[in-house]
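Subject: Handing over the structure

Hi there,

Here is the structure I promised to pass on to you. Please open it beside this email and follow along.

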Amino acid sequence: MGASGRNVLKKKLPKIIDENNIDFVIANGENAADDGRGITQSIAEEFFSKGVDVITSGNHIWDKQETTDYIDKENRLLRPANLAEGSPGRGYETYISKNKKYKIGVINLMGNVFMRKTDDVFQVAKKIRKKLVLKKNVDFLVVDFHGEITSEKMAMGHFFDGLSTCVVGTHTHVPTADTRILEKGTAYQTDIGMCGDYNSVIGMNKENSIKRFLKDKNAIKHFPAEGEGTLSGLIIETDAETGLAKKTTRLIDGGSLAK
């Protein structure tokens with residue numbers, strides 16, 4: 001989320017990768033631009049240089065005009081798979097792990113409830129689920145579900161239970177306390193939160209946000225908070241034989257949320 005989120009990622013991610021022997025990193029980058037809306041090519045390439053293997057996104061994916069061209073050239077940047085047919089880029093793809101041993105599928109989905117209009121997310125997920133099959137054509141399968149409401153995210157988690165390595169929710173910017181492994185072996189968390197300044201209103205300057213809620217005539221357009229950022233995420237230890245999760249650990253490092 002904005003510069004504070006980028007800074008904490010650049011500062012902490014390489015060390016986290018080394019200390020935990022992480023083979024694959026996915027970051028949702030749709031709020032990474034300076035104004036908290038969208039992502040640019042230069043930001044994406046900086047993330048890749050710090051160890052991010054794939055960048056997922058959501059409803060802000062098209063907020064920077066350059067992204068529509070860049071996403072067609074860069075298969076490591078995904079947009080929601082259930083956007084309208086003919087949208088630039090791709091909503092799922094397969095990649096190779098850092099250690100070159102494993103083929104990893106990544107699916108980017110966006111919810112239908114209280115979000116911008118998209119195709120039916122469960123119908124699209126059902127079709128993709130037939131194409132990316134755990135231990136058949138991918139060793140591991142990760143789902144980023146970018147959605148507003150907890151029930152839709154939980155339903156998607158159970159829909160993929162036993163069929164994906166994990167289902168991780170994004171979009172609401174606040175980490176939920178339901179980190180767990182579902183009964184058939186899929187790691188799950190309703191929302192992993194944001195990388196950004198939590199002394200804010202979901203990453204935006206708190207004073208200005210309050211003014212906007214009060215309909216204060218002095219309020220201006222939302223802009224990101226610029227204090228110390230927290231890195232929020234999830235570390236998943238997997239079973240190479242089944243492709244399912246063995247252990248999942250919530251990651252909250254730095255900034256006001258970690259104190």
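Below is what was found in it, topic by topic.

**Before you start**

This is a predicted model, in which local features need pLDDT of at least 70 and side-chain atom pairs count only at pLDDT 80 or more, while totals for chains, interfaces and linings use all residues. Residues are numbered from 1 along each chain as its sequence is written, and side-chain values use heavy atoms, with hydrogens and water left out.

**The nonpolar cores**

In soluble globular proteins, nonpolar side chains tend to be buried together. A nonpolar core here is a set of buried Ala, Val, Leu, Ile, Met, Phe, Trp, Tyr and Cys residues joined through side-chain atoms within 4.5 Å. Buried means under 20% relative accessible area, exposed means over 50%, and partly exposed is in between (1.4 Å probe, protein chains only).

The largest nonpolar core has 28 residues, and those touching the most other members are I39, F47, V52 and I55. Two or more residues come from each of α1 (2-20), α2 (41-49), α3 (67-73) and β9 (231-238). Helices (H or I, at least four residues) and strands (E, at least two) are DSSP runs, numbered from the N terminus. With five residues, α1 gives the largest share of this core.

What does F47 touch, if we skip residues up to four places away in sequence? The list is R6, L9, A32, I39, V52 and I55, where contact means heavy atoms within 4.5 Å. There is also a second, separate core of 19 residues, with V138, L141, L182 and Y188 among them.

I16 sits in helix α1 and is buried, at a relative accessible area of 8%. Leaving aside neighbours within four places in sequence, I16 is in contact with I22, L231, I235, L251 and D253. I16 and S209 are 193 residues apart along the chain, and their C-alpha atoms are separated by 33 Å.

L78 belongs to the loop between α3 and β3 (92-96). Is L78 buried or exposed? L78 is buried, with a relative accessible area of 0%. The C-alpha atoms of L78 and N28 are separated by 9.2 Å, although these residues are 50 apart along the chain.

**Residues in other loops**

K101 lies in the loop between β3 and β4 (103-110) and counts as exposed, because its relative accessibility is 62%.

A240 is in the loop between β9 and β10 (245-253), and its 33% relative accessibility makes it partly exposed. Not counting residues up to four places away in sequence, A240 touches Y102, K135 and F140. The C-alpha atoms of A240 and D161, which are 79 residues apart along the chain, are separated by 17 Å.

**Two positive phi angles**

Most residues other than glycine have a negative phi, and most peptide bonds are trans. K135 is not a glycine, yet it has a positive phi of about 65 degrees. You will find K135 in the loop between α4 (121-131) and β5 (140-146), partly exposed at 35% relative accessible area. I202 is not a glycine either, and its phi is positive at about 45 degrees. I202 is in the loop between β8 (187-189) and α6 (206-213) and is partly exposed, with a relative accessible area of 45%.

**The second largest pocket**

I202 turns up again here. The second largest pocket holds about 310 Å³ of space. Of its 16 lining residues, N31, H60, H173, I202 and M204 are the closest to its centre. On a 1 Å grid over the protein atoms alone, a pocket is an open set of points where a 1.4 Å probe fits, with protein on both sides within 12 Å along at least five of seven lines; lining residues have an atom within 4 Å of a point. The volume is the space filled by probe spheres set on the points.

**Disulfides**

A disulfide is a covalent bond between the sulfur atoms of two cysteines. The rule used is a pair of cysteine sulfur atoms within 2.5 Å, and by this rule the count is zero.

Enjoy exploring!
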